[in-house]
Amino acid sequence: MGPSRGHLKTVFPVRDPQSEDIPPIPQSSPNVGVAARIETARTESLPKMKPTVLLITTTRWFSTARLAMALAKAGYSVEALCSSSHPLTKTSAVRRTYAYSGVMPLMSLANAISASRPQLILPGDDLATQHLHDLYDRKRLEGHEGQSVCILIERSLGTPAGFPIVRARASLIETAMQEGLRVPETEVIPNENDLSGWLARSGFPTVLKANGTTGGVGVRIATTVEEAKHAYRQLQSPPLLTRAIKRALMDSDRTLLWPSLLRRQNVVNGQMYVAGHEATSMVACWEGEVLASLQFEVLKKRAPSAPATVVRLIENAEMTYAAKRMATRLKLSGLHGFDFMLETSTQKAYLIEINPRATQVGHLTLGPDRDLPAALYAAVSGEPVRPAPKLTEHDTITLFPHEWITDPTSSYLTSSYHDVPWEEPELVRACIRSSLKKGLGQLQCKWFNMPSKARTSRPEFLRPPL
């Protein structure tokens, strides 16, 4: 499947070794040192090609476009496999896009890899990670012909022995326990009879989570037996065919068609509730080593099981230790997120799950050891780490567009660093248009037009023409 948009590939001129400014290297020259210096000079005179990173995403999350911008600034040539209406298509950071097919996802992924020839692949959501795991299994059966793709996926995600673990919530928690990490009790609940036993042991509130879900969609917190049973049925059931068809026709989103048609039930897990507040850590890894990390305390969310809208930068030794232990154990590479609960009474950090892909904070460049794209670029290119300038000195960061959509009168929009990508006005416009379609645009547009001393006094609040 060919590219759907983007610029033409750049062709870099290759200098002729017989050119006038670089003399030819004699084949029988006894002076190896001179020949080596001439070859070095010839090589260094060639324009250096940027390593290519392929972003793959099955959702239309705005955060993936933000990650593409940060990767481009770090030095990558960025290409993407996504839907035609994805925010990635609205940013100049993406050099070329390829059409994602929800009906034939592995074929579209394989075609994108063949066309882009990337040095690294980064998934933007859990289904994208699942596609990479499935493609790895398929290519491994092809033997030598599929070897190059298998090597690329291992290079991008880590050892395949860890693939089943990061996909299964209970297996992940069991692995973390083996590493001596603090985790809440978690177990698979095969049926409703087992649910009753789980509720008797866990008490209320209790947490139910479905494998293979993303963005908080497969998480429920139940406070009664009735709520738990209703949530269990919802999480276990495959999507309704009517819903899948509606999304395919109305939103051109076909990712639910196969799960709906195959009628496979989801694996549901029970997890002990930890009274506290959420925190998250995202790390850049290479062959099991953590290269850079970001840690945030969640200050505000759209809903109890929804992504954060406001976060505060922190440093937590337990979270750092847990991320390093898991990265080493699973030999992780690429970008990975770890979610924690900070217990109210003790502030102890409980690891509750892993996101085996980039999360919504991955694009934030906050100085040395806190610039994930720069750290990953250095690992791929072999060059020294060159972190980008810090985005802000504020510890509190409001994530655009989530807080703006949820509460356009929120005080966080002016009291913290509001992470709006003003340098990509078409991306901002696309976000506003999306809100207008959902009937949310009136209040949000008022926010953009309100006179504000904060916005005129700080560069991050400068308002572009919309």
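Student: Which residues do ring pairs link into a cluster?

Tutor: In this predicted model, ring pairs link Phe62, Phe400 and Trp404 into a cluster. By the rule that ring centres must lie within 6.5 Å, the count comes to four aromatic pairs.

Student: Why is the pair of Tyr136 and Phe163 called edge-to-face?

Tutor: A pair of aromatic rings is described by the distance of the centres and the angle of the planes. For Tyr136 and Phe163 the centres are 5.7 Å apart and the planes stand at 85°; the limit for pairing is within 6.5 Å and edge-to-face needs over 60 degrees, so the pair is edge-to-face.

Student: What makes this a pair that ties together parts 27 residues apart in sequence?

Tutor: Tyr136 lies in helix H4, residues 126-141, whereas Phe163 lies in helix H6, residues 163-167, and therefore the pair ties together parts that are 27 residues apart in sequence.

Student: How do you know whether Tyr136 is buried or exposed?

Tutor: Buried means under 20% relative accessible area, and because Tyr136 has a relative accessible area of 6%, Tyr136 is buried. Phe163, at 6% relative accessibility, counts as buried by that cut-off.

Notes. Residues numbered from 1 in each chain as written. Predicted model: local features only at pLDDT ≥ 70, side-chain atom pairs only at ≥ 80, totals over all residues. Heavy atoms only, no water. Phe/Tyr/Trp six-rings, centres within 6.5 Å; stacked < 30°, edge-to-face > 60°. Helix = DSSP H or I, 4+ residues; strand = E, 2+ residues; numbered from the N terminus. Buried < 20%, exposed > 50% of the residue type's maximum accessible area, 1.4 Å probe, protein only.
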